[in-house]
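Subject: Structure handover

Hello,

Here is the complex we talked about. Please have a look at the chains first; my notes on the interfaces follow.

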Amino acid sequence: MTPFALGLGAIGALFTALFLRQPVWVALAAVGILGNTILNNLAVAQLISGTAIFDTASSYNLSVIPLFILMGEIASGSRMSAELFGAARVLLSGVRGGLAIASIAASGAFGAICGSSVATAASMTRIAMPEMSRAGYGRGYAASSIAAGGSLGILIPPSIILVIYGGVAELSVARLFAASMLPGLVLLVLYMAIAFWRARRSGDAPDPVRTTLSDKLRALREPWQFILLFVVTIGGIYAGIFSPNEAASVGAFGAILLGFLKRTLTVPALLQALQTAVLVSCALFMIIVGATIFSNFIVQTRLPDTLLALSQQAELSAFTIMALIVAIYIVMGCFLEGIGMILITVPVFLPIVTGFGFDPVWFGVLVVVLVELGLITPPVGMNLFIIRAQVPDLSMQALYAGIAPFLIAPLVLIALLFAAPSLALWLPSVLY
Amino acid sequence: MSVDRPRQSLPKIMLWVASAALVVMMSVTVLDVILRFAFRIPVRGAYDVVSFSLLIMVFFGLAPVIARAGEITIDLIDYMVSPRVLVLLETLATCAAFAVFVFLGWSMISPAQDAYKWGGHSLELGMPVWWLWAVAFVGLSGILWVCLRRLIADIGRLRTAATRGPAPERSRT
Amino acid sequence: ETLKVSTFLPPNHVWNRAIEAWGTEIADLSGGELDLEIFPAGQLGPPPRQYDLVRTGAADLAVILHSATPGRFPMTELAGLPLTVPSAGNDSAITSRRLTELAPDYLAGEHPDTKILWMAVTPPLKIHLTDADPSDLSAFEGKRIRYAGSTWQKIIETLGGSPVPVPPAEAADAMSKGVVDGACFPFEATKAFDLAPVTSYSLEPGLAAAPFALVMSQATYDALSPELQAIIDDTTGPDRAEWFGKMLDEGEAGGRAYMAEAGVNIITLGADQIDDLKAEFAGIVDEAVAAAADSGGDAEAFLSAYTD
Ligand code: NA
Ligand code: NA
């Protein structure tokens, strides 16, 4: 068997294992170990696996991940996400679909202190889904608004996916965070516009409730502690006061302080947030370990290089190859989860992309948008699963149907990124 | 994400250790920042302590993830097959996870021995690297134990399912 | 026979270019029987694992950065001690050749199961400062300097500064924002990491270099036919090390020119200042020599042969 065929077989095996409900990290690791054993020998597979878990678990740079997750968990445990949603719904009252739009706005705002999309979606589901059900919103519409809004968690900084991309591409994480800020806001607006447009369809959104102007002004004051946290952490990174790791620690610590000062955080809630942060980050770390083992093997099969050489033989233009890369990410995103995708593809694609003269920071933003799209594309979209897990009586079909219109937004953003790369590159050029 | 606290005591204890490591990670960094601003002196070894705490967090935090079957899974198939097949697939997943952990543990022996033999040490504090490996093995034995417990429980459910039809719901994230 | 080469360096790095050039050479000499397949950028493993990749057969060749695994190569690390260079000079062409010549006698023992094809010593790393003028060495008092590796940690502490670990890609940003007051890099790297806009002063000479080695799996070598083994032997060794050292020196000169053109003040230490520093660094050297001797190497003899 040629290495190329072995690589193709391995990908087939991976998808089969994933479909048969094997944990993502187990599937990645097992296929990587077996593949490496066949391609080389057992000793090689052992060296790679035994060191991958140890090196990942003791990597200083990856410590940002649990710290940003902790900050998000504490913010949600001290009801900050609820306050954000509360403020947004008052501000958007009077608009048809106001609650759905508010859940997207609140997700975007919460994404500004939470590094994970799944955590953002999970937090917002708990708060916004019951409210929308009570108000008579269509369930598919309500849930898919949260799924779409939640995906902003990894585009609006801080972002765990950008931390991992920065590690693979050897780029400054602070710069990547700066680059993803404007595209994140654009996507936020696009999602809100789609939710607004969808609300006109009968049955999805009830007649809006009106509130007074003074209510709205009062609502604006609510999320001050949240803005403070954002300014201190992300602002601190941009101002060069903190490294991303320090910002995450200070942010988590600050959220604890604020929670206790405002009496919205209790000791049991703090312990719960700590434990959840540990459990969530350990599940992510295992995927990093699995993806490291798998990508080590797949790189050796030269599968990506061979595919690329084939497309180069066909003398495709830079634009066609970029379109091909985007298409590959979209297809992969339908079936894989984000961290694995980044670790497997970026080492292969990045040299080509920069070879065409594209900026690696810009490419990082593009990849995050594509990963974000993957979070909400059927059949495998982590955000869809997270919401469905919390709203068990929601049918998967309703969710798939509800999410379809929202998929337009990331695609529009991708087109915008190609048309105007400065959308991503302007802010870092000003800040650095 | 909601947390069902694991009911067994071993994963519970390990979760506390991992949470404490996360607190250390945060506190050392915050202390480092404060000292830097107040006195312009960095905490010597903050880098090492953070890496070390992360290692503890991961190796001790995994057992509770396994105990509650909290690994990220693509559960598309859940709506296509009977509960009995589902239990079978879940048991298969636990077997596979156990096998991979055994393989990882076996593979960790040789680099750990190297770390001991060659006397490598950490960057800032000069701490022997084999200490970290020792901690990793302690965590790993907990992981294997919990994995085994889950496997036994799964096989139990499998037998129940085989004789009495649908399996009881298992908590999932 | 296609040999798998692992490096942790980015695709366009001088190490990868040099190995490619050498690979073409051996392919020609062997009539295509030997060729190299390079896996760059740590695709096969991170820097501290490169040696193990070769030892276990995951790769046939790899570039090792010895300081990535502190304590594991105590003898080789002596070539990275502060102001410890051959009397003929600190150019990479000289230091790399010298270290490769000494490798069979002194360094092969701590590279078991592998064959050292050639060693390389980078041009010594210079300290680059945002705004402190280092003409007077007391300027380092209280300064936060970005470093990598435990030798540099000790050097910065000896100078009175605080060593801060910052990833290389973040160094320029960290300097521009005042997170650190300086960083140590060879001139060659200042270009790659865009350091000139944030640097006012660079200090010459470089204080300490980093040793590297290109190693080959002994098992892979033994399995080759005597003809192919001869091709490997003939195209590697001290001459090759000197050739590669020259490539490093050219890169260094280019980096220095880039800094000078950008208006960076390059401060050169006087002979008496260097002597003072040597005295201050004596503790670091003695400690490393003792550690190497403890590991069973003839550290004193190696060091005097290297600095001869
Ligand atoms: Na975010
Ligand atoms: Na998807």
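**Chain C against chain A**

Between them, chain C and chain A bury about 1900 Å², with 52% of it on carbon and sulfur atoms. Buried area here is the accessible area (1.4 Å probe) that two parts lose on being put together, summed over both.

This is a predicted model, in which local features need pLDDT of at least 70, side-chain atom pairs count only at pLDDT 80 or more, and totals for chains, interfaces and linings use all residues. Residues are numbered from 1 along each chain as its sequence is written, chains are lettered from A and ligands numbered from 1 in the order in which they are written, and side-chain values use heavy atoms, with hydrogens and water left out.

The predictor gives an ipTM of 0.84 and a pTM of 0.85 for the complex. Chain C has a mean pLDDT (the predictor's confidence in each residue, from 0 to 100) of 91, and 100% of its residues reach 70 or more.

Back to the interface. Chain C contributes 20 residues to the contact (heavy atoms within 4.5 Å) and chain A contributes 25. Three salt bridges are counted between these chains. The term means a side-chain nitrogen of Lys or Arg within 4 Å of a carboxyl oxygen of Asp or Glu. One of them pairs C:Arg49 with A:Asp55 (2.8 Å, N to O). Eight residue pairs are in polar contact, both at pLDDT 80 or more. That is a pair of N or O atoms within 3.5 Å; within protein, one must be able to donate a hydrogen and the other to accept it, and residues adjacent in sequence count only if both atoms are side-chain atoms. On the side of chain C that touches chain A, β2 (35–39) and α2 (50–56) are the elements giving two or more residues. Helices (H or I, at least four residues) and strands (E, at least two) are DSSP runs, numbered from the N terminus.

**Chain B against chain A**

The area buried here is about 6000 Å², and carbon and sulfur atoms give 78% of it. Chain B brings 63 residues to the contact and chain A brings 71. The count is one salt bridge, and A:Arg21 meets B:Glu90 in it (3.8 Å, N to O). Three residue pairs are in polar contact, both at pLDDT 80 or more. On the chain B side, α1 (9–39), α2 (46–67), α3 (83–118) and α4 (129–164) each give two or more residues. The largest share, 15 residues, comes from α3(B).

Best wishes
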